[in-house]
Amino acid sequence: MHLTIISGATRPRERSNTAKIISVFLTGFQKCGHTAEVWYLSDRTSWAGTRAAFCENSNILFALPLYVENVPGTMLEFLESLPPKTTSGTRLSFLVQGGFPEASQGRCCECFLKTLPEQLGCAYGGTLIRGDMFSTGLLGKKHGSKMVQPFIEIGHSFGKYGYFHESIIVEYASPEYLSEKQIRQFQRLSKFSRWLMDIIAKRLGCTERLDAMPYDK
Amino acid sequence: MNLLIINTLPEAEPAAQQVICALAEKVDEYRVIHTAAMRIAPCVGCNCCWLKTPGVCALKDDYEQILKAYLEYDAAIFISGTSLGFIDHRTKNLIDRSIPLGTMYTHIVNGQMRHVPRYDKVFHFGLIYTGEADREYLELWLKRFALNFNSVSIGAFPVEKIQEVSLCI
Ligand SMILES: Cc1cc2nc3c(=O)[nH]c(=O)nc-3n(C[C@H](O)[C@H](O)[C@H](O)COP(=O)(O)O)c2cc1C
């Protein structure tokens, strides 16, 4: 199988969590002996090539970060520019990752993604949602690689079936909601996570409070 | 009641003019921002507005006035085109740029994690759209968007149903 992966992230590839995820996904996917090509929508100069790859290939995976409950505006612009396929046989799948930990936060986006294959003349290959990805590129390489580890197995499973099998979707879209216990834990650690964010911000050169109100009247 | 109208359609488009006139009749004061001719880039996900210059977007284009205007008006209504059954990328780009309204801190609201709002204000957001779209989905998405920014959804309305818009806030 040859897979065309299109990253819908707007962040440049070097800093994108989606790009990191794709790279690990490919490790698992290529173990099955398949080949793949990856296109990044953050690079607008490659859009013509990406469009051609969409038209020519029959196994396509969009990998994207959640942006305000749906696809990033840039990815939407690209989708709007795609001519619907007139011959059958193309499968379109989606890998959605977001900052919040609950898979439920990706469901609204999933509803939209489910409508796309038919609109673009393709079959649907499923949507895998994975949360809690915000800090992937933020807390150092070691932490980052641990966070994306599951995508090896996800890539391997995708290689095996050619789409996201229900079992892998369910296994990794977890938790759907935080449990009472997880919420209590989160609340207990809330001061610590604020402190951690403040430290990260300071390291990035921030000199204001993170809850500053620059435009307050 | 004062209203911010953000029109992403071409300024001269009859549908936009029709919506603006109809909304103007419903409020004491309003301001229209026509974005079609403005320089507004898509969010690049740099996270500066959360972690480096809190509340301020790193992209220096024409967007900042919209962010400021959200704080000055009781409600904001987007006039949008549609594509693929959803709002079009012009409006989505604009909405992606609204993340400076939230802070990097998170808390739990109704059992789900959310950003702690940056301002004390409760915003009201609405959507009026032209073209084909799934209204029920737009309503759902707008509610989710509103929830993210300590705001309330006024609802999503096809342009033909403009009279249904209720601005009793
Ligand atoms: C404009 C913007 C909107 C976002 N909206 C959401 C959201 O609605 N839900 C969510 O879980 N994460 C959201 N996030 C977080 C990103 O999805 C997350 O950090 C992701 O890992 C970024 O991937 P990237 O580095 O490839 O851009 C948003 C981030 C940005 C910049």
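How many Å separate the centres of domain 1 of chain A and domain 2 of chain A, taken over C-alpha atoms? After that, please describe the ligand and its surroundings.

Analyst: The centres of domain 1 and domain 2 of chain A, taken over C-alpha atoms, are 29 Å apart. Domain 1 covers 2-177 and domain 2 covers 179-217, with bounds from an automatic or database domain assignment. This is a predicted model, where local features need pLDDT of at least 70, side-chain atom pairs count only at pLDDT 80 or more, and totals for chains, interfaces and linings use all residues. Residues are numbered from 1 along each chain as its sequence is written, chains are lettered from A and ligands numbered from 1 in the order written, and side-chain values use heavy atoms, without hydrogens and water.

The ligand lies between chains A and B. There are 20 residues around the ligand (a heavy atom within 4 Å). Those that come nearest are Ser16(A), Asn17(A), Thr18(A), Leu66(A) and Gln97(A). The shell divides into ten nonpolar, seven polar and three charged residues, with Gly counted as polar.

Asn17(A) has a backbone N or O atom 2.7 Å from an oxygen atom of the ligand. A polar backbone atom of Gly99(A) is 3.0 Å from a ligand nitrogen, and one of Phe100(A) is 3.0 Å from a ligand oxygen. Taken alone the ligand exposes 650 Å², of which the protein buries 96% (Shrake-Rupley method, 1.4 Å probe).

As for the two chains, 49 residues of chain B are in contact with 51 residues of chain A (heavy atoms within 4.5 Å). One salt bridge joins Arg114(B) to Glu69(A), with the closest N and O atoms 3.7 Å apart (side-chain nitrogen of Lys or Arg within 4 Å of a carboxyl oxygen of Asp or Glu).

Terms used. A polar contact is a pair of N or O atoms within 3.5 Å; within protein, one must be able to donate a hydrogen and the other to accept it, and residues adjacent in sequence count only if both atoms are side-chain atoms.
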